[in-house]
Amino acid sequence: MVSGSGLLAVMVLLPFIGALVPGLMIRAGRDACATFTAVPTLLALVFLGVLAPEVMQGGTVTARIEWLPMLGLNANFFLDGLGLLFAGMILGMGLLITLYARFYLSGDDPMGQFYTYLLLFQGAMLGISVSDNILMLLVFWELTSLSSFLLIGYWKHLPEGRQGARMALTVTGAGGLAMIAGMLILGNIVGSYDLSVILQHGDEIRASEYYLPALILILLGAFTKSAQFPFHFWLPHAMAAPTPVSAYLHSATMVKAGVFLMARMWPALAGTDAWFYIVSTVGLVTMVLGALIALFKDDLKALLAFSTVSHLGLLTMLLGFGTPMAATVAVFHILNHLTFKAALFMSAGIVDHEAHTRDIKRLGGLASLMPATALIAVVAALSMAGIPPLNGFMSKELMLEEAAHTNWWGGEWPIIILATTGALLSVAYSFRFIGHTFFGPVRDDYPHHPHDPPTGMLLAPAFLSAMVVLIGLFPMVFAGPIVDVASAAVTGGRAEHVHLKLWHGVTPALFMSIIAVAGGAFLLWLHRPLDRAWQRTPRPEAKAMFDSVVARTVLGARWLIESTHNGAISRYLAIFVVATVLLGFAAFQGGGTPEPTREMLPVPPLVGVGFVLTMLATLATVFAHRNRFRTLILVSVVGLMVSAGFVYLSAPDLALTQISVDTVTVMLMLLALHFLPKYTPLESPLSMRIRDGVIAVIAGAAVASLAYSFLLTDISPISDYHLANSYKGGGGTNVVNVILVDFRGYDTYGEIVVLGIAGLTLYALMEALLNGPASRRLRNWTFPPDRSRDRHPLMMVVATRVMMPIAALVGVYIFLRGHNLPGGGFVSGLVISIALLMQYMASGFAWTQERKRFEYHAMIGWGVIIAGLTGAGAWLAGAPFLTSAFGYFTIPPFEEFELATAMLFDLGVFLTVLGAVMLMLYSLSRMARYAGETVNLEPMDYDPSRRVDAAIEADKKDEA
Amino acid sequence: MELVVATTIGGLTAAGVYLILRLRAFPVILGLTLLTYAVNVFVFATGRLAVGVPPVLNDAASAYTDPLPQALVLTAIVISFGMTAVLVLIALGAALETGDDKVDLTETPRGEGDT
């Protein structure tokens, strides 16, 4: 038996899993595709039904899945009244839309894609409504923006669709970013990102000094999503989407996400002056403005879009009032608006589908041609106008009632007048929608002769219109209970139980209602002259403004990119260096320089000489850098001096490593220089060199002063721990080595993997290079005439042969002592690779290659494997990865000696270093073969044991 | 001594920065090498300077050097070697394919370079 909480999490996941299905099922036909889209929705709806009774009794269902608890990011879900209302709306509407879209989409439209996007959106929306973690909520929030982008731009061939999608994504995405900041502040105030916790701490939040920034940022998110003034302009442009999308996203669900969020956050944020004035004013302005524009729109969908803007404003205003009753009315109106507006969108879609136009000026008289559609639309539109006995009437009455006793900007009258105006305009455009579309004379110039669509297409809007009537007639049966629990959830239990009824007696709201209906009818009568006046009035065009802002941003960004990112690496590096210095300077200003707490150490004469040498070599490197061979030698002098410095400053391990690495590096550079230009031409103008010099000196001075200031202060290092545990825990007295193979073994493991990858990368790059245009250039390579004819000198061959066993012995020695004395896998790997390299240098690449026994690739692989297995071996002992073990053994006739697993790890390090270094140099030396170097059969050019003339003959052959 | 080390770090940094701002790959690589020295000494110096203090545990010693920066620098030396090798090869490849080792793309595309 699945517990309630399990069901909840699965319910959220279902649409996402289901989103994979339509794309596959479309091959089985359009009916199958639509059916299989309905399955996950239906299943989620069943789950919701199972969970509903508990919520309806006032409980909440929770599901907690720890995800990243350190960040406070957990996949926590909870279902309360508000969540239940929204989840029900999302899933129920999802089902109706799936049905409607099956008939709406034409045979040319890729239906599988459509349903996939739809399910993705549904999952994201469902996630918003039941998230208990605000970070999760933000993730779902952004997912709705993304999936809505895909859905608005579904008809990719229409420029309006693409532009509308982009605009919607930009506006809601920007709002979403603001909201992320707001939510983080909120989480910081409370100390938890769990919504259920945040909602408990309303007083604390409202008292915080960060309340206002958090409020504004969160409201930005909500206002952009719910198309509130001045962000309302994206919604009408989103109407380029197919009508099922408009009905689902842009009337019923997504645009209500902002309202949902305000409702959700109501207990935490509402009740202050800031909340009241910002939210109710924005809502009020949006309501009146949206309704006014809607009256003069000729496109059916544009009319409905602005009407949606207006109704969202109404909901926002109600939530802004901050009273429990107003919140209850808002909840009720959310439900009512869903029923009538979705039905209207679907009807508009049917009209468009049948008559091939949605321009009101080209329509009229459709009632007799498509009676069923007309009936559905008229019922829904009357509800939108607030005519009894439909559900829209009730919520409008309740809204006016609330507005009538709300003190706003110093009195009750302003809001009474504005709210009545909004209602009046709403009546006017609703009547216009009905009157100019369905009534009036039948015309004979429709683009396509209309008639009622197939029943399947009518089912969804008919169901919604039926709900409009049923909620209107029996409010306490169809809406009462859910509105009750939802408003209890919004207000944190402060709302009274609702008593929804049609007749409220003679109240101020009734008079306002009567004025609205009469005035609305009068306005419609005057529509023709008013419309002419409206068309003549100059109005700000939101799309043009938006486009120009976007265009300017693009220009600015392009300027910024082209002036900084112009393909010149020296420019990036200069910017990087200057920026780093500036940041460092700013940091210095903030913290100040600490007082010196250490005595300066004395400088013996020898060190002074070394210092002068280093500085001279460095300076010479800079000034002589155009002669590359010379610079290389100068740099190696610097390297040697640094190694000597390490020796003097009690770091023998570093000195060993530095010397061996420097040796290998210089060899590598020499090999490379063979095929690179030998001189750097003078290219940069003097001004640029001076500029670079200034940058360099400033950077150097900054680093030097930073180093100087911290060198004279004391710190409490964490390495006391390492010193204390090196022998006890790691079994070695060379703390540096124990840190490498034990304490920070993970780092080392990662490092040898990187080194191995670098070796393999080099090999692969060279392989690609030698098969590319470079190989042609290499084959035509001409060597300078002054190059040595003694390529494999006798002395060098003999010396390297003699050195080889000695070097190998030294390598083994360094390796073995590494755990307790300076040395270790790194150094010994480098030493042995140097010994091997010497062979290559002395007797040539091919000669040595033939005598090689092991593949270097394999060596890297084995090194990593040995190190990894050693680390994993700790698991067998039940310890974490790379925990080392050691013991002392006596095997006669040897002394007692130590064996540690760390040594095995070090062996892995050794093998990888050796393999990687050899592979790198091997790759470089392969180039010489391509450049036409001959292969010598003998280890050296002149072998004294052979006859002289044979050598001369070999030499001749060499030249031929 | 502290002043000497700080000046060395600064001098190496300045030289390194100047060289990485050049327009050819070889000086840039050498500049990176110098910068690497500077950074390594810098990180090493965060453990504070110590002369004649044992780095290896023994019973007679009363104080030790800070081993942690040393371990970090040791890996840094080896990694920077790997990085230098990759850079050298990339420079080499570019030089062989285009005929010179310029690092900037600001000029008009060079001739296919079979000179």
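Let me start with a definition: helices (H or I, at least four residues) and strands (E, at least two) are DSSP runs, numbered from the N terminus. What I show is a predicted model, in which local features need pLDDT of at least 70, side-chain atom pairs count only at pLDDT 80 or more, and totals for chains, interfaces and linings use all residues. Residues are numbered from 1 along each chain as its sequence is written, while chains are lettered from A and ligands numbered from 1 in the order in which they are written.

I turn to chain B. Chain B has three helices and zero strands, and from the N terminus its elements run α-α-α. Of its 115 residues, 62% count as buried; a residue is buried if 20 or more other C-beta atoms lie within 10 Å of its own, exposed if 12 or fewer, and partly exposed in between, with C-beta atoms placed from the backbone. Two residues are in contact if their C-beta atoms, placed from the backbone, lie within 7 Å. Among the contacts in chain B with a separation of 6 or more, 51% are accounted for by residues 24 or more positions apart.

Where in chain B is Arg48(B) found? Arg48(B) is in the loop between α2 and α3 of chain B. Its phi is near 70°, a positive value in a residue other than glycine. Most residues other than glycine have a negative phi, and most peptide bonds are trans. Arg48(B) is buried because 20 other C-beta atoms lie within 10 Å.

Next, the contact between the chains. It takes 75 residues from chain B and 98 residues from chain A. On the side of chain B that touches chain A, the elements that give two or more residues are α1 (2–20), α2 (25–45) and α3 (67–98). The largest share of that side, 22 residues, comes from α3(B). Its residues divide into 51 nonpolar, 16 polar and eight charged. Here Ala, Val, Leu, Ile, Met, Phe, Trp, Tyr, Cys and Pro count as nonpolar, Asp, Glu, Lys and Arg as charged, and the others, Gly among them, as polar.

Leu119(A) is found in helix α5 (residues 111–130) and is buried, with 25 other C-beta atoms within 10 Å. Leaving aside neighbours within four places in sequence, Leu119(A) is in contact with Pro15(A), Gly18(A), Ala19(A), Thr37(A) and Pro40(A). Leu119(A) and Thr41(A) are 78 residues apart in sequence, yet 8.2 Å apart in space, C-alpha to C-alpha.

Two peptide bonds deserve a look. The bond from Phe229(A) to Pro230(A) is cis, with omega near 5°, and Pro230(A) has its place in the loop between α10 (211–225) and α11 (234–237) of chain A. The bond from Pro388(A) to Pro389(A) is cis, with omega near 5°; Pro389(A) belongs to the loop between α19 (371–385) and α20 (391–404) of chain A.

Finally, is Ser650(A) buried or exposed? Ser650(A) is buried, since 21 other C-beta atoms lie within 10 Å. Its place is in the loop between α30 (628–648) and α31 (652–673) of chain A, and its phi is near 60°, a positive value in a residue other than glycine.
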